[in-house]
Amino acid sequence: MTKDIRAITMPKWGLAMTEGELTAWLVDEGAFVDEKFEIAEIETTKITNVFESPISGKVRKLVAHTGEVLPIGALLAVIAADEISDDEIDNYVSKFQEDFVPEEDGASDDPVHQKITVGDHQISYLKIGDGNNDPVLLIHGFGADTVSWMFNQSVLADGRAVYAIDLPGHGRSSKSIPDGSIASMAKIVSGLISALGLKNVHLIGHSFGGALAIAAAEESGAKSITVIGSCGLGKEINTKFLQGFIDGKRGKHLKPVLEQLVFDKSLIGGDMINEVIKFKRIDGVPAALQALVDSNFANGLQSTDLRGILSKLLIPVSVIWGANDEIISVSHSQGLGSNVSVSIIENSGHIPQMEKSSEVNDIILKSIGN
Amino acid sequence: MAKKSYREAINEAIAQEMRRDENVLVWGEDNAGGAGGEGEQDAWGGVLGVTKGLLGEFGPERVLDTPISESAFIGAAVGAAATGLRPVAELMFADFMGVCFDQIYNQAAKFRYMFGGKAVTPLVIRTMYGAGFRAASQHSQTLYPMFTHIPGLKVIVPSSPYDAKGLMIQAIRDDDPCIFFENKVMYDDEEEVPDDSYTIPFGEANVIREGEDATIVAFGRMVGMARQAADALEKEGISCTVVDPRTTSPLDTDTILECVEDTGRLVVVDEGYPRCSMASDVSSIVAQHAFKALKGPIQMVTAPHAPVPFSPELEDEYVPNADKIVAAVRATLA
């Protein structure tokens, strides 16, 4: 009766993930879980994330141990009804472990990062999905890259192409930023959209990328925009975070800086901190980050106000904000006008698309029309 | 990002710097391998193939084969650096450094100091070290402590492909003579290494993991052994901090002291001989500056004070390994 026994396995979040560490079980053996019930916490090299059960049923056996690092597809837990005996469960587990072959590195058909020239810049992007629905373009924030969307991109790519880009100075794109102002960076985004030949694109931007989405919306003929914890909607910004991000060279200095990004501080693991340190060692990156800060946040305040542009947009506009955002206050989501739909995510900091990915995915899917 | 070997990481670092700066030159025994002679050009790229491919891209003006005369070609590299070029010279095995030691410790290391800071010597000497290659006593030594002893030299001991690339680029851009120690059994080790150029500053230790019970400071190939030991001890509930100083000169004493102050116990792992070694150096620094934090005796895990043996069985016993590190951690906790 093994057909009634089902496996919960290590998920794959984003392209870079090859393995994950089970940092905590949030359920006990014997518990009944519904689909989307939070069952475990898994740490990747980017961030720790809550793992929601992909299926519903009774948790008969927790196979993986806390602290174990397991490849994608490895058995975490077994779901089965009470009628199935413990012996059958044990047999299922040993058979699974015997047959399990971890996916070989690079052997899969994963989409790969591609490059396109826009003006003087080599822009790297990752395209996932295809179909007749209008395409989506994801624009990350300051100091980030396509990984910002590791929990979102595949989910949104249902019947449509979803492009995640690396801004100049970030990720795999060329690093020089001659002019880091929002206006000039937004031109690069619309240039990229036209170079890729995208029509009726849904623009989704996070933080600094949110400001770029607003500023590029008209020129790129966007069909809708969604911005998350966006720049350009108020004066204040946590410049201690920005400068700390640029200046912090050691894990112990960067940890408290990065912890400001999230509501649940335990999500920021050592691997994520190391990734940031490695990013900042790349030639041209510190200068690019400083250029962005100097162009947009000199004197500790945001220099560009996009509220006027936002209120005049004739396309659907969705604004998402973490209620506990320590980088840009959630108060910037107030008084935005009747054309804007605002969603506040409780218990979330500046990166709700990672911290509360499933809530954010639902909101985006609704606004881009699934 | 792709997985690259220790060998590929070093090769890529040199190639990227040669593209960036035409003053960067490469030479050494068989570094081109076949250049100017009959038969295959670029046949070797050094005895273990680290510089292979550079001749094809940069030509015989910038990638040179040298005679088997270390005193001549290392001396030439020191002179070239003094005139403003940035040579990366390969001295095959660190064991052969004796024949050109004057050029290194009494010339290159002194120029900046003796000319009152008006002269710089942007020189990199790449060299192989370490046992485990079945190459006997004269091709297996771990001699970075000897160079660490000399003021004016910078000494780099990368423990991974990622570090090797960033530290090599830093070494080429550095204005002081750098001795870059490559462990010959690590050339095929692989990990993710960015395609972009990046630098890792000298004197900045990598705290690879943080624990509560003991600090293990390890160099070069021993870092991997220390990680294995820490993994094994973790299963028994003993958690260790592992520190890789990355460079022995300059040495990040601040990080070492901070970690020892947190854990109260120190194990130093050095593949070199025990006397006047990095193990004894780190031990003395901790004993002088963090004595009050110590809860147990410092332990050193090193090779014995004896040449590297030719017998494979003896050679395997000779090199420090994870078991010996585990035993040392237990000893300092006892």
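This is a predicted model: local features need pLDDT of at least 70, side-chain atom pairs count only at pLDDT 80 or more; totals for chains, interfaces and linings use all residues.
The C-alpha centres of domain 1 and domain 2 of chain B lie 27 Å apart. Domain 1 of chain B spans residues 2-193, and domain 2 of chain B spans residues 206-333.

**The interface between the domains of chain B**

- On the side of domain 1 of chain B, 27 residues are in contact with 26 residues of domain 2 of chain B.
- The size of an interface is often expressed as the accessible area that is lost when the parts come together.
- For domain 1 and domain 2 of chain B, the area buried between them is about 2,100 Å², with 53% of it on carbon and sulfur atoms.
- B:A131, B:R134 and B:Y144 supply 25% of the area that domain 1 of chain B buries against domain 2 of chain B, which is more than any other three residues.

**Polar and charged pairs between the domains**

- Three salt bridges are counted between domain 1 of chain B and domain 2 of chain B.
- B:R134 also forms a salt bridge with B:E315, at 2.9 Å from N to O.
- Across this interface of domain 1 and domain 2 of chain B, 18 residue pairs are in polar contact.
- Helix 6 (144-148), strand 6 (154-156) and helix 7 (161-173) of chain B are the elements that give two or more residues to the side of domain 1 that touches domain 2.
- That side of domain 1 of chain B has 15 nonpolar, nine polar and three charged residues.

- Side chains of opposite charge can pair when their charged atoms come close.
- Over all chains, the count comes to 35 salt bridges.
- One of them joins the side chains of A:K61 and A:D90, at 3.8 Å from N to O.
- This pair links distant parts of the chain, 29 residues apart: A:K61 is in strand 6 of chain A and A:D90 is in helix 1 of chain A.
- A:K61 is partly exposed at 28% relative accessibility, and A:D90 is partly exposed at 35%.

**Salt bridges between chains A and B**

- A:R250 forms a salt bridge with B:D252, with the closest N and O atoms 3.1 Å apart.
- This pair crosses between chains, and each of its residues lies in a loop.
- A:R250 is partly exposed, with a relative accessible area of 22%, whereas B:D252 is buried at 6% relative accessibility.
- A second salt bridge pairs A:K252 with B:E258, with the closest N and O atoms 2.4 Å apart.
- A:K252 lies in helix 6 of chain A and B:E258 in helix 9 of chain B, so this pair joins two chains.
- A:D283, B:E17, B:R20 and B:R173 are joined into one network by salt bridges that share partners.

Definitions and conventions:
Residues are numbered from 1 along each chain as its sequence is written. Chains are lettered from A and ligands numbered from 1 in the order in which they are written. Side-chain values use heavy atoms; hydrogens and water are left out. Domain bounds come from an automatic or database domain assignment. Contact means heavy atoms within 4.5 Å. Buried area is the accessible area (1.4 Å probe) that two parts lose on being put together, summed over both. A salt bridge is a side-chain nitrogen of Lys or Arg within 4 Å of a carboxyl oxygen of Asp or Glu. A polar contact is a pair of N or O atoms within 3.5 Å; within protein, one must be able to donate a hydrogen and the other to accept it, and residues adjacent in sequence count only if both atoms are side-chain atoms. Helices (H or I, at least four residues) and strands (E, at least two) are DSSP runs, numbered from the N terminus. Ala, Val, Leu, Ile, Met, Phe, Trp, Tyr, Cys and Pro count as nonpolar, Asp, Glu, Lys and Arg as charged, and the others, Gly among them, as polar. Buried means under 20% relative accessible area, exposed over 50%, partly exposed in between (1.4 Å probe, protein chains only).
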